[in-house]
Amino acid sequence: MIALGVDSGSLSTGYGIVLAQGSAHRALDYGAIRNDGKTPHPERLALIFRRLRDLIRQYRPDLLALEEVFVSQNIQSALKLGQVRGAVMVAAAEEGVPVVELAPNTVKAAVTGHGHAEKSQVQFMVKAI
């Protein structure tokens, strides 16, 4: 199975593509789709959509994993994040890839063993794995 994991953001959308064969896992590709802060938001969404669509076409993942939205105090940030998630979901839907939404605590627990791990702990474990 090939899984594409996406961490949405309008300036930086991270991704990782993993091949799972039984209990063995191998990273196929990873990186970030970066946008300039001066680029208009619709153009940022278009870039994210195109790059993810290209990755999907290249690797043909069996699913796309996307973190569920968390409650944000900043309404504008929450709206922009929702729009980025929409671009990600449309890229997957256009290519027939099912989207699985995961709670942030589920992702953290899977990577670190602790659902309330700090971002630095998650980064360390992802690099180690």
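## Helices α3 and α4

How do α3 and α4 lie to each other: parallel or oblique? In this predicted model, the axes of helix α3 (residues 104–112) and helix α4 (residues 119–128) cross at roughly 50 degrees. They come within 9 Å. An angle under 35 degrees would count as roughly parallel. The two helices are therefore oblique to each other. Their crossing is left-handed.

Which residues make the contact? From α3 come K108, V111 and T112. From α4 come Q121, V122, M125 and V126. By class, the contact of α3 with α4 holds four nonpolar residues, two polar ones and one charged one.

## Helices α1 and α2

The crossing of α1 and α2 is right-handed.

On the α1 side, the contact uses H41, L45, I48, F49, L52, R53 and I56. On the α2 side, the residues are K80, Q83, V84, A87, V88, V90, A91, A92 and E94. Sorted by class, the contact of α1 with α2 has 11 nonpolar, two polar and three charged residues.

Most residues other than glycine have a negative phi.

## The largest pocket

A probe the size of a water molecule, rolled over the atoms, shows where empty space is left. The largest pocket in this model has a volume of about 1800 Å³. Its lining is made of 38 residues. Nearest the centre are G16, V107, V111, V122 and V126.

Which element gives the most to the lining of the largest pocket? The answer is β3, with seven residues. At least two residues each come from β1 (2–7), β2 (12–21), β3 (24–34), β4 (63–67), α3 and α4. By class, the lining has 22 nonpolar residues, eight polar ones and eight charged ones.

Terms used. Residues numbered from 1 in each chain as written. Predicted model: local features only at pLDDT ≥ 70, side-chain atom pairs only at ≥ 80, totals over all residues. Heavy atoms only, no water. Axes fitted to C-alpha atoms, helices over the stretch in contact; angles between N-to-C directions. Helix = DSSP H or I, 4+ residues; strand = E, 2+ residues; numbered from the N terminus. Parallel < 35°, antiparallel > 145°, perpendicular 65-115°, else oblique. Left-handed = near helix turned anticlockwise from the far one by under 90°. Contact = heavy atoms within 4.5 Å. Nonpolar A, V, L, I, M, F, W, Y, C, P; charged D, E, K, R; others polar. 1 Å grid on protein atoms, 1.4 Å probe; cavity = no way out; pocket = protein on both sides within 12 Å on 5 of 7 lines; lining within 4 Å. Points joined across faces, edges and corners; volume = space filled by probe spheres on them.
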